[in-house]
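Q: I would like to learn how to read a structure feature by feature. Could you take me through the one shown here?

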Amino acid sequence: MQFARIENVIDIPAIQTKVVTIVGAGGSAPLIENLTRSGVQHWKLIDPDMIENVNISRQGHSPADIGIEKVEAVANKIRAINPGATVECYPIDFTSLSDDEIREVFGDTDLFIFATDSFAAQSRGNEVALLLNTSATWIGLYAGGLGGEVVFWHPELECCFQCLCSGRYKAQAKAKNENRSLDPPSDGATIFDIQLLDSIAGHLCLGLLTRGSDNRFGKLIDQLGDRQFIQVSISPDFLVNDNDVIRKHLGIDENCLSYFAWNAIALSDPDQGNEYCPDCEKYRGIKFLPPFLGATSFLRGRTDQSHVDQTVEST
Ligand SMILES: [Zn+2]
């Protein structure tokens with residue numbers, strides 16, 4: 001491949017050495033293609049599904065792909081863009097893999113991408129990222145595609161996905177006990193909604209894969225610091241529990257006529273490390289003590305983010 005037009009902003013020699021494992025090869029197919037165009041050339045693809053007729057309207061697959069595995073269709077697209085790419089296909093349920101199997105097969109991963117709305121896969125993804133001490137990104141659309149989120153973690157960050165979304169974990173556990181699912185229904189989310197979110201996720205992936213390089217993407221992750229939770233309005237109707245949280249966080253008053261949609265905010269941990277995280281204890285050996293005992297060993301900028309963990313419950 002020829003990277004002359006982008007090598008001033010993406011560290012191509014660095015990104016070409018990296019291994020990226022992605023869970024979900026449906027709506028994320030264009031993201032995978034675009035990261036391949038940006039220099040990623042070692043892929044591990046995980047998705048148990050076959051391509052069906054219903055996928056064509058929004059997943060970057062073609063009618064000719066119907067009936068074949070999503071991972072195989074995406075592998076073909078990667079190889080068409082970069083014949084030198086290496087692609088391993090795993091048409092399996094990611095949540096069925098043991099820690100030992102993860103270590104053995106995915107231990108060389110430099111970045112995990114969890115492109116799935118399934119909370120079971122997202123939360124297992126957190127365990128895997130912490131188990132291997134490997135950077136990760138989670139991409140999730142909200143109900144109807146009105147908004148969405150991209151979350152990232154790398155080993156230098158105190159907060160893992162569960163730390164950031166502790167309220168969601170509680171809501172999911174409660175729903176599971178009551179035999180309810182809180183996973184947002186994906187009907188109503190179009191390919192444009194998916195790709196709006198994927199563009200932001202793509203920026204973060206480039207940043208995580210080339211962190212430290214002296215260019216735009218090499219600086220991105222350190223510019224974000226601990227603002228690991230990116231929330232995006234896609235429709236002007238996007239509200240969380242009847243609140244326009246994006247407008248509130250941006251400090252835009254009701255009379256501002258320029259404000260509409262397609263805004264993103266970058267938030268740090270809503271509870272500032274004040275909630276117990278079983279994943280951090282199990283995989284990182286971080287023992288939780290209540291903050292009044294002076295146990296929170298790190299400080300983060302405190303902001304009001306109570307809306308973050310209410311999102312899934314409200315959908
Ligand atoms: Zn944690």
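Q: Leaving aside its neighbours within four places in sequence, which residues is Tyr90 in contact with?

A: Two residues are in contact if their C-beta atoms, placed from the backbone, lie within 7 Å. By that criterion, and leaving aside neighbours within four places in sequence, Tyr90 is in contact with Lys44, Leu45, Ile46 and Val71. Tyr90 itself lies in strand β3, residues 86-90, where helices (H or I, at least four residues) and strands (E, at least two) are DSSP runs numbered from the N terminus.

Q: What should I know about the origin and numbering of this model?

A: This is a predicted model, in which local features need pLDDT of at least 70 and side-chain atom pairs count only at pLDDT 80 or more, while totals for chains, interfaces and linings use all residues. Residues are numbered from 1 along each chain as its sequence is written.

Q: What is the mean pLDDT of the chain, and where does pLDDT stay under 50?

A: pLDDT is the predictor's confidence in each residue, on a scale from 0 to 100. The chain has a mean of 91, and 92% of its residues reach 70 or more. Over residues 295-315, however, pLDDT stays under 50, and for this stretch the model has 46 contacts beyond four places in sequence.

Q: Is Tyr90 buried, partly exposed or exposed?

A: A residue is buried if 20 or more other C-beta atoms lie within 10 Å of its own, exposed if 12 or fewer, and partly exposed in between, with C-beta atoms placed from the backbone. Tyr90 has 19 other C-beta atoms within 10 Å, so it is partly exposed.

Q: Which residues of helix α2 are buried, and what do they pack against?

A: In α2, which spans residues 29-37, the buried residues are Ala29, Leu31, Ile32, Leu35 and Thr36. They cover an arc of only 165° around the axis, which puts them on the same side of α2; the arc is that of the directions from the helix axis to the C-beta atoms. These buried residues of α2 pack against β1 (19-23), α3 (70-81), β4 (111-115) and α8 (191-209). Just after α2, Gly39 takes a positive phi of about 120°.

Q: Which residues have the most contacts inside the largest nonpolar core?

A: A nonpolar core is a set of buried Ala, Val, Leu, Ile, Met, Phe, Trp, Tyr and Cys residues joined through C-beta atoms within 7 Å. The largest one here has 70 residues, and those with the most contacts inside it are Ile22, Leu45, Val74, Phe114 and Cys205. Helix α8 gives the most to this core, with nine residues. Ile22, with its neighbours within four places in sequence left aside, is in contact with Ser28, Ile32, Leu45, Ile46, Ile113 and Ala115.

Q: How do the axes of α8 and α9 cross, and which residues meet there?

A: Axes are lines fitted to C-alpha atoms, for helices over the stretch in contact, and angles run from 0 to 180 degrees between N-to-C directions. The axes of α8 and helix α9 (residues 216-224) come within 7 Å and cross at roughly 95°. That makes α8 roughly perpendicular to α9, given that angles under 35 degrees count as roughly parallel, over 145 as roughly antiparallel, 65 to 115 as roughly perpendicular and the rest as oblique. His203, Leu206, Gly207 and Leu208 in α8 meet Phe217, Leu220 and Ile221 in α9.

Q: Where does Gly125 lie, and which residues is it in contact with?

A: Gly125 lies in helix α5, residues 119-132, and counts as buried because it has 25 C-beta neighbours inside 10 Å. Beyond its neighbours within four places in sequence, Gly125 is in contact with Val23, Phe112, Phe114, Ala136 and Trp138. The C-alpha atoms of Gly125 and Ala136, 11 residues apart along the chain, are separated by 8.1 Å.

Q: What phi values do Asn241 and Asp242 have, and where do these residues lie?

A: Most residues other than glycine have a negative phi. Phi of Asn241 is near 50°, a positive value in a residue other than glycine, and phi of Asp242, likewise positive in a non-glycine residue, is near 70°. Asn241 lies in the loop between β7 (229-233) and α10 (245-250), and Asp242 lies in the loop between β7 and α10 as well. Asn241 is exposed, with 11 other C-beta atoms within 10 Å, and Asp242 counts as exposed with 6 C-beta neighbours inside 10 Å.
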